[in-house]
Amino acid sequence: MAFAVGPALGAVVNEFFGKRAVFAVVAILGCLCSIFAATFLEETLNIHPVKNQRGGDSALNRSNLRGMTTMRNLPSVVWIGVIAIFGTAYAFSTLTSALPLFYVPLFGWGASELGTVATLFGLSMALYNVFLTKHIISSVGPEGSSMLASFLTAVAVILSPMIPSVLGHVAGMLIPFALGWALQLPSLSQLAARSLPLDQRGSAMGVLVGSLSLGRAVSPFITGYLYKSDWLVAPYGPEDVNDITLREATVPFSFAPFVVASGGCIIGLAAVALFRSRFSDISESSSKTIQPHESVKDFGYQKMEEFEK
């Protein structure tokens, strides 16, 4: 819901109180959330030594210390998820940071229009998460849904700057882009939960969310550098810019950041596909080799008949 409420709140604050007030509101909300977390959230991992009655460390404390080192022993499925979610997060940040650069000058949009689109994007994500994500994951599996998320994000990112119409841009944001972003993290979380024991799932989720944040952090810097590069220049001229004052600053711009972001999604898709093929091969070989002996089956049937009698 933050994706839906945040843009709408920002547009309202900007309209009535100015741009600087938006940053003040964000800072105030951040402080309030920190105070709430420090006051009401209980510590879940106590790393302080806990002495038992004999003077040694308790079993609970030893298990907590062991849990801090489980990240070093995470299986390959987690790092495959890191590649996939990093690519999707990088593409997400590329599109959201670059869209205002040509939304505003090409279409003459302001803060209210951008806030409206962002709010609709957040609402569509919420609807996808509530009504659609679970069914897609159960139908095609977490690997398939992760691959679908990478594919949808790649298509939305690469086609977005090539669509000249406002309606096409908005449809690309609300359908493939929002659905891909809504699918990726739940798919990879379920894949990690299915493949890991309980004591490693927390570390796996921390690594996945950390790589998501890393992708969103580095993307704007690279996107800003590539946006004005001299290769893959977009076919837009000064006559396409509605705002005359922004023509020199807007065109020409490059498709390079969108190509790089789409390529990151494709790399993540390929990594999950490779893992899926290897996992299916291992599962098939295991099912062929691990078969109960006929005498074991007969013994089981005999015991079941005795139980029924």
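At 3% relative accessibility, Phe92 counts as buried, because the cut-off for buried is under 20% relative accessible area. Keep in mind as you look around that this is a predicted model.

Phe92 has a ring partner. The rings of Phe92 and Phe177 are stacked, because their centres are 5.6 Å apart and their planes meet at 10°, and the cut-off for stacking is planes under 30 degrees apart. In general, two numbers describe a pair of aromatic rings: the distance of the centres and the angle of the planes. This pair connects distant parts of the chain, since Phe92 sits in helix α4 and Phe177 in helix α7, 85 residues apart. Phe177 is buried too, with a relative accessibility of 0%.

How many aromatic pairs does the structure hold? There are six. Ring pairs also join Phe92, Phe121, Phe177 and Trp181 into a cluster.

Which residues have the most contacts inside the largest nonpolar core? They are Phe121 and Phe177, in a core of 59 residues. Several helices each supply at least two residues of this core, among them α5 (111–131), α6 (133–159) and α10 (256–289). Helix α4 (76–107) is on that list as well, and with 16 residues α4 gives the most to the core. As a general point, nonpolar side chains in soluble globular proteins tend to be buried together.

Next, the surface. Leu9, Ile28, Leu29, Leu32 and Ile35 form a nonpolar patch there, and together they have about 460 Å² of accessible area. Helix α2 (residues 19–40) gives the most to this patch, with four residues. Is Leu29 buried or partly exposed? With a relative accessible area of 42%, Leu29 is partly exposed.

Gly210, found in helix α8, is another partly exposed residue, at a relative accessible area of 37%. The C-alpha atoms of Gly210 and Ile85 are separated by 9.7 Å, although these residues are 125 residues apart along the chain.

| Residue | Relative accessible area | Class |
|---|---|---|
| Phe92 | 3% | buried |
| Phe177 | 0% | buried |
| Gly210 | 37% | partly exposed |
| Leu29 | 42% | partly exposed |

Methods: Residues are numbered from 1 along each chain as its sequence is written. This is a predicted model: local features need pLDDT of at least 70, side-chain atom pairs count only at pLDDT 80 or more; totals for chains, interfaces and linings use all residues. Side-chain values use heavy atoms; hydrogens and water are left out. A nonpolar core is a set of buried Ala, Val, Leu, Ile, Met, Phe, Trp, Tyr and Cys residues joined through side-chain atoms within 4.5 Å. Buried means under 20% relative accessible area, exposed over 50%, partly exposed in between (1.4 Å probe, protein chains only). Rings of Phe, Tyr and Trp (its six-membered ring) pair if their centres lie within 6.5 Å; planes under 30 degrees apart count as stacked, over 60 as edge-to-face and the rest as tilted. Patches are made of residues with over 30% relative accessible area and no salt bridge: like charges are joined within 9 Å, nonpolar side chains (Val, Leu, Ile, Met, Phe, Trp, Tyr) within 5 Å. Accessible areas come from the Shrake-Rupley method with a 1.4 Å probe; for residues, only the protein chains shown count as cover. A salt bridge is a side-chain nitrogen of Lys or Arg within 4 Å of a carboxyl oxygen of Asp or Glu.
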